[in-house]
Amino acid sequence: MSDFDVKEKRFEEDIEDYLTHHGGYTKGDPKKFNRESGLEEDTFVEFIKTSQPKKWERYVKIYAENSEKQIIERFKREVKTTNLLNVMRHGFMDRGIKFYPIFWKPETSLNETTQMQYDANILHCTRQLHYSVHNENSIDIVLFANGIPVVSMELKCQFTGQDTTNAINQYKFDRAGKDAIFAFKERVLVHFAVDLTNVYMTTRLEGAHTYFLPFNQGSNGAGKVGGKGNPVNPNGYDTAYLWERVLCKDSLMEILQKYMHLQQEYDKNGNLVKETMIFPRYHQLDVVTKLLEDVKKNGSGKSYLIQHSAGSGKSNSIAWLAHRLTGLHDYEDNKIFQSVIIVTDRRVLDSQLQSTVYQFDHVEGVVKKVDKNSGQLRDAINDGVGIIITTLQKFPVIYKEVDSAKKRFAIIIDEAHSSQTGDAAKKLKRALADTEEILKEYAEMEDQLVILESFRDS
C-alpha cells in the first residue's frame, strides 16, 4: 500500500475515531448489513425489543416465531407507502400496536422516560459497507440509526490526486443503481462527497442528473463575509465541522427530527409533479442554531438582523426558525414564546411553511395563515396559535384589541424594508406590548426597531 493510500485510509479512520469516541456512535459491522432490505435487520429488531419491551411482548403473542421477520416487513412496507422521514417521526402500526423506529431528544429535562428512550437509540458508524446484490462495490462510511442507513459518505484525499469531484462522479456513475440502500425517500437520506477542504451533498441519486450542492462554511467561517470554501483549520481537517458539528449524534438526530423535510410540488389539478428531499445547508443550520442559543441564553426582547443571500433557501430558514422558536424552552424548562408571528408578503412562504411544519408535528392548527381580515389576526394572537403568518398592514387595525398581557411573541420579519420604520411597524409593536411603560418607551424611540428576527436579501 502506497503512502498516499495510507493517508486516504487514515482520513476515514480519523472520522470513525471521532464519531465513535466523541460523537455518540459505536463501530458498525459491515457484515451485518442486509443488501436486499437495505437494513441492519438485527440492530433494528434489537432496538425495538429493548426500547419498547411491553409492545414487543404483545407483538410476539400475535406473531410468535415470525415476529422478527414480520416487524421488518411491516416497517419496509410502511416506508415504501409513505417515506422514511414520515415513519421515523410518526411511527408505524401493526395489528393495533404502534412502534417507533427512533426516539427523539426531549425538549425539556422534566421527563426521565423520554430521556431513557433517546439514550436507547443505537447509532453505528460503519466503514467500507458492501451494499449491492449485483457487485462488491463499497461506500467509505455509512451512518445508521437503529439499523436504518441515514447518511453515506465518499471520502477523497488530495494526496492521492483525487478530490470531491471524483467522489461526486462515483455517486453519479457507480452508486446510482437499483440498490435498496439508495432508494429515494426510503433509505439513506443524504449523501456527502468529502475531501480535505470541501464538502458537497445531495439527497437524491439520479445517475448523471444527480445534483450536488456545496456544504461549506465559506472561506472565513459561517456567518462571516468571505468567498467559497472553508477556513483553514489549524487543529485538523478543514472539513472536520461536518462530523464534529453536523453528524455527531445530537446534531444529526435534531436534523432528522426538525429540519429535513420532503418538499412536494403539485400542478393545478392537484397532481404531484416534483418531490425534493430538503437537508439544511450549513449556513442555514448555523443561523438557526446561533439564534436559538442566544434566545435561550438571553430570553426575549432582543433584535437580530440576518442577511440571507438570494436563492440560498431563505424560506426554509424562516420555516425552521419559526418551528424551533415555538418549542423553545429556557434553562428552567419554561416556554419562551407564546406565538411566533411571521410578517411577510410572499404567498409561497405560506404554503411552504404550513407543509413543512405539518411534516414535523402532524398537528393541524400549529400554523395559522391570516389572509381574510384583521379580526382573524387578533383572534389567532389571543388564542395563542403557535405560528401565525400575516402581513404588516393588518396590525394597525387591531393593536388596541390584542390581549398581550404577560405574553411573549417572536416576530420574524421577512424582507427588512425601510417601510418597516413607519407607522404600521410602530403599531405592530404597540399591539404586542404589555405595559404602559413599554408604550411610552416606544413613543420616545420611534425609529428603533424592536423585532426579534429580521431577514433581508443581501
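Mentor: Let us begin with Tyr63, which is buried, with a relative accessible area of 16%; buried means under 20% relative accessible area, exposed over 50%, and partly exposed in between, with a 1.4 Å probe and protein chains only. This is a predicted model, in which local features need pLDDT of at least 70 and side-chain atom pairs count only at pLDDT 80 or more, whereas totals for chains, interfaces and linings use all residues. Residues are numbered from 1 along each chain as its sequence is written, and side-chain values use heavy atoms, with hydrogens and water left out.

Trainee: How many aromatic pairs does the structure hold?

Mentor: There are 20 aromatic pairs, counted when the ring centres of Phe, Tyr or Trp (its six-membered ring) lie within 6.5 Å, with planes under 30 degrees apart taken as stacked, over 60 as edge-to-face and the rest as tilted. The rings of Tyr59 and Tyr63 have centres 4.9 Å apart and planes at 50°, so this pair is tilted.

Trainee: And where do Tyr59 and Tyr63 lie?

Mentor: Both are in helix H3 (residues 53-63), 4 residues apart, about one turn of the helix; helices here are DSSP runs of H or I with at least four residues, strands are runs of E with at least two, and both are numbered from the N terminus.

Trainee: Switching to charges, which residue forms a salt bridge with Glu254?

Mentor: That partner is Arg324, with the closest N and O atoms 3.0 Å apart, where a salt bridge requires a side-chain nitrogen of Lys or Arg within 4 Å of a carboxyl oxygen of Asp or Glu. The pair links distant parts of the chain, since Glu254 is in helix H9 and Arg324 in helix H11 (residues 314-326), 70 residues apart. Glu254 is partly exposed, at a relative accessible area of 30%, whereas Arg324 is buried, at 11%.

Trainee: What about Lys105 and Asp250?

Mentor: Their side chains meet in a salt bridge of 3.2 Å, N to O. Lys105 lies in the loop between strand S3 (97-99) and helix H6 (112-119) and Asp250 in helix H9 (residues 249-258), so the pair ties together parts that are 145 residues apart in sequence. In total the structure holds 17 salt bridges, including one of 3.1 Å, N to O, between Glu13 and Lys9, which both lie in helix H1 (residues 3-21), 4 residues apart.

Trainee: Which residues touch the most other members of the largest nonpolar core?

Mentor: Of its 90 residues, they are Ile71, Met153, Phe192, Phe215 and Leu242; such a core is a set of buried Ala, Val, Leu, Ile, Met, Phe, Trp, Tyr and Cys residues joined through side-chain atoms within 4.5 Å. Helix H10 (residues 282-298) gives the largest share of this core, 7 residues. Apart from it lies another core, of 15 residues, among them Leu129, Tyr131, Ile168 and Tyr171.

Trainee: And the chain overall?

Mentor: The chain comes to 16 helices and 17 strands, and buried residues make up 52% of its 458 residues.
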